Amino acid sequence: MSAKNILFLLTLQPNPRFVKQINYLSHHSKVSVLYFARNTMVSYEKEFEKSVITKKLSTISNKKYLLRIISFIKCLPLLKAHIKSSEIDTIIFDKIDALILFWLLKIRYPFFRTELTRIVETPDLKDLNFRRGFLGWIYRIFEKYLFNHHTDKLIVTSQKYYDDYYSDFF
């Protein structure tokens, strides 16, 4: 990766897999991590290299999606300021929730510079990805829109996820 300033935008505390990626990339680039904490999860923040810049944006609760969106909206000015001041050229999202946060940033600040490389990592597929009915259909349309218009690269943790689901997106 030839990025100079990488932002990990995470809707969870960084897990060991992300800590490993963050520390590896911090040897080649300036890396920052903005994340949302959850009271039910272990924090691995102390395992980052000293050069990694970290900031907890907020604490969010599991299964409280409306409150999560409100927390996301409240953090938009912080996210915008960090991208600008750190001259971010690559953002890595931990899942679609973080990509939605970036999409909200583009809506809230339509003239803000957001031409940067956007990478989404999907660690797993949810029941909602395959749910039949109106809610599942709407979710897949929105997800496909986000991936086709606001994502440059996709990282899947299983080839089967790509073959069975994401191959229709790209």
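Reader: In which helix is His150 found, and is His150 buried or exposed?
Author: In this predicted model, His150 belongs to helix α5, which covers residues 134-150. Its relative accessibility is 9%, and the cut-off for a buried residue is under 20%. His150 in α5 therefore counts as buried.

Reader: With which side chain does the side chain of His150 make a polar contact?
Author: Setting aside residues up to four places away in sequence, His150 touches Leu99, Trp103, Lys106, Arg118 and Tyr145. Among these contacts of His150, a polar one at 3.5 Å links its side chain to the side chain of Lys106.

Reader: Which residues of α3 meet α5, and how are the two helices oriented to each other?
Author: On the α5 side, the residues involved are Tyr139, Phe142, Glu143, Tyr145, Leu146, Phe147 and His150, and they meet Ile96, Leu99, Ile100, Trp103 and Lys106 of α3. The two axes come within 11 Å and cross at roughly 70°, and the crossing is left-handed. Since angles of 65 to 115 degrees fall in one class, α3 and α5 are therefore roughly perpendicular.

Reader: What is the order of the strands in the sheet, and which strands lie at its edges?
Author: The sheet is open, has six strands with parallel pairing, and runs in the order β3-β2-β1-β4-β5-β6. From one strand to the next, the twist averages 15°. The strands that pair on one side only, and so form the edges by definition, are β3 (53-59) and β6 (153-156).

Reader: Which residue of β4 is the bridge partner of Leu9?
Author: Strand β1 (residues 5-10) runs parallel to β4 (residues 90-93), and four bridges join the two. Within this pairing, Ile6 stands opposite Thr90, while the partner of Leu9 is Phe93.

Reader: Which strands does helix α3 touch, and what angle does its direction make with that of β4?
Author: Helix α3 covers residues 96-108 and packs on the sheet, where it touches β1, β2, β4 and β5. Its direction and that of β4 make an angle of about 135°.

Reader: Which residues of β4 are buried on each of its faces, and which residue of β5 stands opposite Ile92?
Author: In a regular strand, side chains alternate between the two faces of the sheet. In β4 both faces are covered, with Thr90 and Ile92 buried on one side and Ile91 and Phe93 buried on the other. β4 also pairs with β5 in the parallel sense, over four bridges, and the residue opposite Ile92 is Ile119.

Reader: Where is Thr122 found, and what is its relative accessibility?
Author: Thr122 is found in strand β5. Leaving aside neighbours within four places in sequence, its contacts are Phe147, Leu154, Ile155, Val156, Thr157, Tyr161 and Tyr166. Thr122 counts as buried, because its relative accessibility is 4%.

Reader: Which residues does Phe8 touch, and how far apart in space are Phe8 and Ile119?
Author: Phe8 is found in strand β1 and counts as buried because its relative accessibility is 0%. Not counting residues up to four places away in sequence, Phe8 touches Phe18, Gln21, Ile22, Leu25, Val31, Ser32, Val33, Leu34 and Ile92. Phe8 and Ile119 are 111 residues apart in sequence, and their C-alpha to C-alpha distance is 9.5 Å.

Definitions and conventions
Residues are numbered from 1 along each chain as its sequence is written. This is a predicted model: local features need pLDDT of at least 70, side-chain atom pairs count only at pLDDT 80 or more; totals for chains, interfaces and linings use all residues. Side-chain values use heavy atoms; hydrogens and water are left out. Axes are lines fitted to C-alpha atoms, for helices over the stretch in contact, and angles run from 0 to 180 degrees between N-to-C directions. Contact means heavy atoms within 4.5 Å. Buried means under 20% relative accessible area, exposed over 50%, partly exposed in between (1.4 Å probe, protein chains only). A polar contact is a pair of N or O atoms within 3.5 Å; within protein, one must be able to donate a hydrogen and the other to accept it, and residues adjacent in sequence count only if both atoms are side-chain atoms. Angles under 35 degrees count as roughly parallel, over 145 as roughly antiparallel, 65 to 115 as roughly perpendicular and the rest as oblique. A crossing is left-handed if the near helix is turned anticlockwise from the far one by less than a right angle, and right-handed if clockwise.
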